[in-house]
Amino acid sequence: SLLPMDEWKNIVKNDFEESIFPKHPQLKALKETLYNLGAEYASMTGSGSSVFGLFKNKIEVDELKKYGQVWIEEL
């Protein structure tokens with residue numbers, strides 16, 4: 001069976017975060033901001049080209065714009 005998304009935070013990991021976040025603390029701050037805004041799951045993609053958050057509810061993105069480009073996909 002599939003793991004529910006609300007359980008991903010403590011189980012699904014990107015191993016690169018451990019080495020990248022100390023060198024680029026703004027990426028860690030962005031991930032924490034995504035969780036503070038209500039993300040069900042947030043992570044760095046692959047080797048770090050992006051940080052993303054998955055949300056159940058629509059959010060205000062102004063807080064995220066200080067980190068760079070923001071892209072929203074509604075399903």
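## A buried lysine

Lys31 counts as buried because its relative accessibility is 16%, where buried means under 20% relative accessible area with a 1.4 Å probe and protein chains only. The model is predicted, so that local features need pLDDT of at least 70 and side-chain atom pairs count only at pLDDT 80 or more, whereas totals for chains, interfaces and linings use all residues. Residues are numbered from 1 along each chain as its sequence is written, and side-chain values use heavy atoms, without hydrogens and water.

Lys31 belongs to helix H2, and Glu17 to helix H1 (residues 17-23); helices are DSSP runs of H or I with at least four residues, strands are runs of E with at least two, and both are numbered from the N terminus. The side chains of Lys31 and Glu17 are joined by a polar contact of 2.6 Å, that is, a pair of N or O atoms within 3.5 Å, one able to donate a hydrogen and the other to accept it; residues adjacent in sequence count only if both atoms are side-chain atoms. Glu17 also counts as buried, at 9% relative accessibility.

Beyond neighbours within four places in sequence, Lys31 is in contact (heavy atoms within 4.5 Å) with Glu17, Phe21, Ala42, Ser43 and Val51.

## Residues of the pocket lining

The lining of the largest pocket includes at least two residues from each of helix H2 (25-36) and strand S2 (51-54).

How values were computed. Buried < 20%, exposed > 50% of the residue type's maximum accessible area, 1.4 Å probe, protein only.
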